[in-house]
Amino acid sequence: MAGPLAGYRAVELADGVAGPYCAMQLGDAGADVIKIEPPEGDRARGWGPPLQGDTNAVFLSLNRNKRSITLDLTTPYGVEVARRLLARADVAVVDPNRLAAPDLSYEALGDLNRQLVYCAISGYGDRGPWADRPGGELPAQLLSEATASLGRIGEPPVRMGHDAASMYAAVYSVQAICAALLARDQIGSGQKIDVSLFGSMLAMRSTLWVALSNPDEWWGFHLDSYVKPPDHGYRCKDGAIFFSLARMDRAGFDDLIRDLRMEWVRDDPLFPLLAQDTAGGGGRYSHVVHHLWERGFAEFSTVEVMEMAERHGGLTFPMNDYEALVNDPQVKFVDVFQTLEQPGVGQMSVIAPPWQFSDTPAELRLPAPQLGEHSAEILAELGVRSATGAQSAGNSRVH
Amino acid sequence: MPGPLAGIRVFDLTMWMVGPWCSMQLGGMGADIIHIEQPGVLWSSLGAGVPPTINGTSIGYIAWNMNKRGLFLDLKATEDRSTAYELIKSSDVFIVNMRTGVADRLGLSYEALSAINPNIVYCSITGWGETGPMATRPGADTQVGYFTGLWSTQGATGEAGQVYRHFTQTDATSGNYAAQAILMALLARKRTGRGQKIELSMLRCASAIQTPRIAEYLARGSVAEPLGSASQATAPDQAFLCEDKQYVGVSVTSEAEWKTFCAVTEQLQLPDDPRFASNVARVEHRAELTAALEPVFRSKPQFYWVMKLNAGRIPCGYPMQFEQLRQHPQVVENDYIVDVETSAWGNVYTGGPPWHFSETPARWFGTPMPGEHTGEILDELKQPAAPLAGRQV
């Protein structure tokens, strides 16, 4: 059986990370997604290195399960074709701050398609003094104080590595689109949605806003996170681990100290803190006694430390980099990675959609498209004459 | 106008963060979330009083259980289990994030629940998946983040990767993906005429949110070093120190923006330099590019660059803090931080709805005490034609 969104049509008028990831998720779930690209292509096609074949790896990872049409939206022909695509679509995913054609704004579309769910993924929201500013990943992270949870106070800011603002906004956008499609049957029409990079970051930090409201005591791992030093895990002889005393009792603690040959620590002035605190990043004094644990762990491998700690009631995990992640047995067991035949690359390993549906499974149906690869096919579906034949201004090249 | 999910009922058997975060999103969109707590046990993070607390309650419980009604059910007691089945008959969605096998032992497997309500969308969230060597391992936000390498691509230049100290990101991410899946299954129900089972592991969710970086690793075949504030994929895309010792972050991600950036910074010679002629070239020569730009930014104060870059429509930003954010007109006008009244903890700040719907607005309302609505919900259950009947296919 086809994916949960089979039968829905989406049009993507965005590039970079947020819009493309949102639209790809719709495609992974079975929707027919048409990506409208300017003649020079999605900006992410030029990102990197690294490249796979001749295309940027990030672009390939965010654009499978789509068809691509090139349209020059600065020409009447391009705008007209885009309008016809939107007229028969269920969903539009749009970057409103970089839209080349004002005629394709939600307001300008007017009555073209009252059933359309129009999702704008903006930089800062559709109201307020910054509504028209183009968004960006690092700006959203800085402005939302996300960089206060990394690095050291007084030193240069450190960015969250995983394009958090863009990815979070994409994930929230998919939620909103699906909710609006459900509501469409109730209210009889589509509607406009706005999700922003900035707002998504602020929503993802909302636990902190509650913590800052009026705490009984100014400590605890939410509040501590502002003032602690960088957390690199617990280094052992051959790598780092996540380490927590978890439910370890005093006997287990004493046994662990003995097995680690750390009896010397009982003479350290910080020992009372070591013995009372929850090891791991959430502990009140974890950063104060961290070096004592690491002095003990330095004599053993990660596997040895994890085995000892777990035996006595602790909780540990390896601190994997991507190489270790890709090769991990559990990761293989639950199919975190799947393969896709990408023209010009061959069999390519890709991250699977996260959801597992019993009846309507997500599928990897299409590789990321070449620029304009499906222009002719899509124009034929619309019954529009190809501009290549007519040589009109807004051409639709087929590569 | 009610939210987009008005009429949808969710039986919310969740605890700690990942499950509660998921149902809280659905509640913000107008679904009726019935959050189950076991009397005397308090399955959520409430009881432990994990600091920081407000009136003795962990702020985690307060932050992750907004937009819900609270119901006490002792699922090991026969009578309460019958009540659960009655509620599930009129529910659209069932969410559970207990360890693999626990729901089954309580008589709440998908097979059992779909037999009494074929329309039910059953969502199970686990740490590591329901099969494999780690299936029964405990797993929560921090562990999943460490395990999936979330830390590995971020850190000061020349240092090892570091963990994002505001734990919650992998829990919230997984809860958000779960909410997506539930909404997708509700849409599929219109076509297929029945519900289905959804399985999510935090392992797959935390990996999916790192798609761009992991894709780069797979293409490169080696692990990248952290770059401080700089992007792996684009340049110049980093923070610069200004004359007044403050930072401005700037993201140039297209060739058009690069040309404008060079005009704004009056560095008109740079586009002609072959080392900086394309993004690929600039990424390969990031160190030289940074060296060329650092003295430029250090020659003027932060506000100068913010004004100039905004005038040129180059994405830029600077570090803000909560105390500025909560009063900032951009935040206030978009309801991104809201002040919510709660029954037991006074008014608290939290993140407002991240989605703006033009026709069916989302709204955020307070967190219930565990079991706060038990009487009200049981009364509704006694009335056959009550507003309880969930929206049917």
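Guide: A:Phe243 has A:Thr316 of strand E11 of chain A as its bridge partner. Strand E10 (residues 239-244) of chain A and E11(A) are joined by four bridges and run antiparallel. Strands here are DSSP runs of E with at least two residues, helices are DSSP runs of H or I with at least four residues, and both are numbered from the N terminus. Two strands pair if DSSP finds at least two bridges between them.

The model is predicted: local features need pLDDT of at least 70 and side-chain atom pairs count only at pLDDT 80 or more, while totals for chains, interfaces and linings use all residues. Residues are numbered from 1 along each chain as its sequence is written, and chains are lettered from A and ligands numbered from 1 in the order in which they are written.

The sheet to look at is open and has three strands, in the order E9-E10-E11 of chain A, with antiparallel pairing. Its edge strands are E9 (234-236) and E11 (315-318) of chain A, each of which pairs on one side only. On average, neighbouring strands of this sheet are turned by 35° against each other, with direction ignored. Axes are lines fitted to C-alpha atoms, for helices over the stretch in contact, and angles run from 0 to 180 degrees between N-to-C directions.

Two helices belong in this view. Helix H12 (residues 286-297) of chain A packs on the sheet and touches E9 and E10 of chain A. The direction of H12(A) makes about 20° with that of E9(A). Helix H13 (residues 302-311) of chain A lies across E9, E10 and E11 of chain A, and runs at about 10° to E10(A).

Chain A has 17 helices and 14 strands. Its C-alpha trace spans about 85 × 50 × 40 Å along its principal axes. Of the 399 residues of chain A, 57% count as buried; a residue is buried if 20 or more other C-beta atoms, placed from the backbone, lie within 10 Å of its own, exposed if 12 or fewer, and partly exposed in between. Among contacts in chain A between residues at least 6 apart in sequence, 69% join residues at least 24 apart.

Definitions and conventions
Two residues are in contact if their C-beta atoms, placed from the backbone, lie within 7 Å.
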